[in-house]
Amino acid sequence: MAAPLANKAGSAGTTSKPPFPELDFRSGARVEELNKLIQEFTKHDQREYDDQRALEIHTAKDFIFSMLGMVQKLDQKLPVANEYLLLSGGVREGVVDIDLDELNVYARGTDYDMDFTLLVPALKLHDRNQPVTLDMRHSALCHSWLSLRLFDEGTISKWKDCCTIVDHINGATNYFFSPTKVADWFYESISIVLSEIQKKPQRGMPKVEKVEKNGTIISIILGVGSSRMLYDIVPVVSFKGWPAVAQSWLMENHFWDGKITEEEVISGFYLVPACSYKGKKDNEWRLSFARSEVQLKKCISSSLMQAYQACKAIIIKLLSRPKAISPYHLRSMMLWACDRLPASYLAQEDYAAHFLLGLIDDLQHCLVNKMCPNYFIPQCNMLEHLSEDTVMLHARKLSSVRSDPAEHLRTAIEHVKAANRLTLELQRRGSTTSIPSPQSDGGDPNQPDDRLAKKLQQLVTENPGKSISVFINPDDVTRPHFRIDDKFF
């Protein structure tokens with residue numbers, strides 16, 4: 001029998017293009033088709049904002065910041081000059097490592113159009129120039145209790161009603177900052193402020209459509225003009241510097257070396273209100289490196305980010321029951337892949353399909369081995385608590401994705417298109433037309449300065465996911481001061 005044409009061409013030493021398209025060995029899917037599907041998903045998932053939408057985003061943001069300024073004035077608990085971290089994407093999108101099993105299900109298109117996460121420091125430890133040592137004696141890895149002994153008497157007096165009290169044999173009393181009590185206080189304070197605001201509504205003010213406490217998270221959905229925006233507000237403890245438990249991570253080589261400075265990566269970290277599987281909910285906080293992750297994201301190629309977003313959309317739907325895998329696990333695997341693989345490979349613009357298949361393989365590998373190390377504290381296994389039945393159930397579900405990735409991508413595309421259609425339909429029906437847009441109130445001195453809003457359009461559209469800080473004077477909550485990296489606006 002004659003040799004196939006492809007073999008003849010190869011034996012002649014030619015470099016002609018093979019007669020077959022590049023295929024995924026496992027599923028037989030054409031890589032070119034997968035790339036096109038990922039591009040289509042990205043097109044529908046990442047919508048462009050026009051000027052009107054940008055102004056609505058600013059109006060909602062200004063309302064949230066003003067509300068928090070009023071919360072501070074209630075009982076002076078929050079720091080006077082506070083610094084928030086604003087992230088694009090809600091908690092359910094995996095922007096921070098918080099358990100999702102206590103959160104109500106919200107759907108884009110049905111409940112909201114855009115989502116954000118806002119980390120609000122209840123306490124700050126910002127004057128330390130050395131590795132921060134936390135009290136981890138009672139906690140699992142990546143978690144800590146927080147004693148108010150680190151703070152002055154005034155701070156202890158303010159917050160003692162949000163603490164659990166431990167009396168020692170020697171007669172001393174120790175106050176441990178309680179994530180659950182802080183979240184309860186925060187929700188009650190926000191509810192009081194919103195109630196007062198709604199008693200005296202102002203023209204152009206966002207409509208508060210929903211305020212709910214989801215575990216230790218406060219979720220607020222605002223209607224502004226034709227937009228509905230979800231804010232997941234997370235009370236945190238903010239630290240400058242770097243935790244001693246993650247010090248060894250700095251000694252390793254990483255994909256971001258030479259691209260951003262170590263000072264940018266280790267500028268600060270947080271404690272977020274989440275406990276370990278066997279931890280004490282009233283006392284235990286989880287370490288969060290959200291500020292560092294914002295910096296690391298700058299070093300990830302657009303094709304890998306597209307693959308990550310598409311993979312995330314697939315697993316959120318597929319692995320939702322029982323809740324064991326969150327998008328944050330996938331984010332950690334992506335960061336490990338960036339350390340493991342050559343930068344030149346990850347920078348390939350037409351490799352999104354390879355990256356998607358690789359992320360699915362990585363996730364399945366982690367499930368089968370019940371091992372997903374935290375990127376910053378590798379000795380912490382984020383899947384350790386799962387049962388064998390749960391990990392195998394999810395591994396089998398992922399096997400079905402790996403066998404037909406094109407079909408699952410098409411389903412993800414249909415879901416995001418359906419969400420966009422719902423948003424457009426609600427806009428056409430004028431479901432929020434009772435809320436005047438900021439542009440209709442230019443003469444009202446109580447409304448945000450349009451010049452500031454227009455200046456912020458570029459920030460909103462060009463800095464998704466970046467660290468946006470705001471400094472608020474509680475005596476003049478109408479004048480927020482924004483900062484992205486080292487630039488002030």
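Student: Which residues does N35 touch, not counting residues up to four places away in sequence?

Tutor: This is a predicted model, in which local features need pLDDT of at least 70, side-chain atom pairs count only at pLDDT 80 or more, and totals for chains, interfaces and linings use all residues. Residues are numbered from 1 along each chain as its sequence is written, and side-chain values use heavy atoms, with hydrogens and water left out. Contact means heavy atoms within 4.5 Å. With residues up to four places away in sequence not counted, N35 touches D350, Y351, A352 and A353.

Student: In which element is the place of N35, and what is its relative accessibility?

Tutor: Helices (H or I, at least four residues) and strands (E, at least two) are DSSP runs, numbered from the N terminus; the place of N35 is in helix 2. Buried means under 20% relative accessible area, exposed over 50%, and partly exposed in between (1.4 Å probe, protein chains only). N35 counts as buried because its relative accessibility is 12%.

Student: At what angle do helix 2 and helix 11 pack?

Tutor: Axes are lines fitted to C-alpha atoms, for helices over the stretch in contact, and angles run from 0 to 180 degrees between N-to-C directions. Angles under 35 degrees count as roughly parallel, over 145 as roughly antiparallel, 65 to 115 as roughly perpendicular and the rest as oblique. Helix 2 (residues 31–45) and helix 11 are therefore roughly perpendicular to each other. Their axes are 8 Å apart, and the packing angle is about 90°.

Student: Which residues of helix 2 and helix 11 make the contact?

Tutor: Helix 2 contributes V31, L34, N35 and I38. From helix 11 come A352, A353, H354, L356 and L357.

Student: Is L367 buried or exposed, and which residues is it in contact with beyond its neighbours within four places in sequence?

Tutor: L367 lies in helix 11 and is buried, because its relative accessible area is 0%. Its C-alpha atom is separated by 10.0 Å from that of A324, 43 residues apart along the chain. Beyond neighbours within four places in sequence, the contacts of L367 are I325, L383, V391, H394, A395 and L398.

Student: How far apart in space are A406 and A29, C-alpha to C-alpha?

Tutor: A406 lies in helix 13 (residues 405–429) and counts as buried at 5% relative accessibility. A406 touches E33, L34 and L37, leaving out residues up to four places away in sequence. A406 and A29 are 377 residues apart in sequence, yet their C-alpha to C-alpha distance is 6.9 Å.

Student: How many bridges join strand 2 to strand 8?

Tutor: Two strands pair if DSSP finds at least two bridges between them. Strand 2 (residues 114–125) has 11 of its 12 residues buried, and it pairs with strand 1 (residues 85–88) in the antiparallel sense over four bridges. Strand 2 and strand 8 (residues 227–240) run parallel, with P235 in strand 8 as the bridge partner of V120. The number of bridges joining strand 2 to strand 8 is 11.

Student: What is phi of C142, and what is phi of K370?

Tutor: Most residues other than glycine have a negative phi. C142 is found in the loop between strand 2 and strand 3 (143–144) and is buried at 2% relative accessibility. K370 lies in the loop between helix 11 and helix 12 (388–403) and is partly exposed at 22%. Both values are positive: phi of C142 is near 75°, and phi of K370 is near 50°.
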